[in-house]
Amino acid sequence: MRSNVVDIWSEIFGFLGHVSTFSLIRKIIPKLAGSYVFVEGWVFFNLLLALFVLALQDFQLIRSGFAYIPIIYGVIRVFELVVYQVNVLMFDQYRAEKAGKKYELRSYRRLMILSIQNYIEILLWFSSFYFAGREFFNNEDLLGTAVGSFYYSLVTMSTLGYGDIAPDETEGYLMVIAHTSVGVFLTLMIIARFISLLPKPETMDSHERENANK
């Protein structure tokens, strides 16, 4: 018996999965729809783009009138990544089984590598967010550097929170709330996937062997 709440959220995230620049490009160029090379290239391109935007901010090469264009794209990109990871983790297999289709991954290791790249990309985008919104925090000077903003992004996403930088405006609190929520989800997901890839050692206990073979 299927759960209504699962079906509802499956439909919601299925719809959100199509509201992305990635899906738009695949619709414009149908040949890319089933291309694994395109997927991997897209992820790598956006990772480099996030790094490039942070570097431009650090060298003051993005003028104030255009500063929020890459930031807006970064927000869209973070949203896409969260939706993608939720679909892969919770709903893609469910939808396939519901439709009577066989669900297979190209590679578990490939999926994990892409997830780590997504994690780093989100770190970099939030670094740019903190850089651009440094006036909402108590240590504006530190967040006004690429290293300082990346440092704060890392400790926030890992939920360490050393306390040397803290928000002092509502906008800053909202950024940290969003970042921490995303960080907890992705961290747990990546750890779970990493554990699933670890080889299971053989046991000399006959009872454990019998249970493993059942």
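Me: Where is Ile-8 in this chain, and what makes its surroundings a nonpolar patch?
Reply: Ile-8 sits in helix α1 of this predicted model. Val-5, Ile-8, Trp-9 and Ile-12 make up the nonpolar surface patch, with about 370 Å² of accessible area together. To belong to such a patch, a residue needs over 30% relative accessible area and no salt bridge, and nonpolar side chains are joined within 5 Å.

Me: Good start! How many helices and strands does the chain have?
Reply: There are nine helices and zero strands. Along the sequence the pattern reads α-α-α-α-α-α-α-α-α. The C-alpha atoms fill a box of roughly 60 × 50 × 35 Å along the principal axes, and 36% of the 214 residues count as buried.

Me: Why is the pair of Phe-13 and Phe-91 called stacked?
Reply: Rings pair when their centres lie within 6.5 Å, and planes under 30 degrees apart count as stacked. The count of aromatic pairs comes to 13. For Phe-13 and Phe-91, the centres are 5.9 Å apart and the planes stand at 25 degrees, so the pair is stacked. Phe-13 belongs to helix α1 and Phe-91 to helix α4, so the pair ties together parts that are 78 residues apart in sequence.

Me: How do you know whether Phe-13 and Phe-91 are buried or exposed?
Reply: Buried means under 20% relative accessible area. Phe-13 has 17%, so Phe-13 counts as buried. Phe-91 has 5%, and is therefore buried too.

Me: What makes the pair of Phe-126 and Phe-129 edge-to-face?
Reply: Planes over 60 degrees apart count as edge-to-face. Phe-126 and Phe-129 have 70 degrees between their planes and 5.0 Å from centre to centre. Both lie in helix α5, three residues apart, so about one helical turn separates them. Phe-126, Phe-129, Tyr-130, Phe-137 and Tyr-152 form one aromatic cluster.

Me: Why do Lys-98 and Asp-7 count as a salt bridge?
Reply: Side chains of opposite charge can pair when their charged atoms come close. The cut-off for a side-chain nitrogen of Lys or Arg and a carboxyl oxygen of Asp or Glu is 4 Å. Between Lys-98 and Asp-7 the N to O distance is 3.2 Å, so they form a salt bridge. Lys-98 is in helix α4 and Asp-7 in helix α1, so this pair ties together parts that are 91 residues apart in sequence. At 43% relative accessibility Lys-98 is partly exposed, whereas Asp-7, at 17%, is buried.

Me: What about Arg-110 and Glu-40: which helices does their salt bridge tie together?
Reply: The N to O distance is 2.7 Å. Arg-110 has a relative accessible area of 19%, so Arg-110 is buried, while Glu-40, with 33%, is partly exposed. Elsewhere, salt bridges that share partners join Arg-77, Glu-80 and Glu-121 into one network.

Me: Why is Leu-174 called exposed, but Asp-168 partly exposed?
Reply: Leu-174, in helix α8, reaches 53%, so Leu-174 counts as exposed. Asp-168, in the loop between α7 and α8, has 42%, so Asp-168 counts as partly exposed. Asp-168 also belongs to a negative surface patch, along with Glu-135, Glu-140, Asp-141, Glu-169 and Glu-171.

Methods. Residues numbered from 1 in each chain as written. Predicted model: local features only at pLDDT ≥ 70, side-chain atom pairs only at ≥ 80, totals over all residues. Heavy atoms only, no water. Patch = residues over 30% accessible without salt bridge, like charges linked within 9 Å, V, L, I, M, F, W, Y side chains within 5 Å. Areas by Shrake-Rupley, 256 points an atom, 1.4 Å probe, with all protein chains shown as cover. Lys, Arg positive; Asp, Glu negative; His and termini not counted. Charge placed at Lys NZ, Arg CZ, Asp CG, Glu CD. Helix = DSSP H or I, 4+ residues; strand = E, 2+ residues; numbered from the N terminus. Buried < 20%, exposed > 50% of the residue type's maximum accessible area, 1.4 Å probe, protein only. Phe/Tyr/Trp six-rings, centres within 6.5 Å; stacked < 30°, edge-to-face > 60°.
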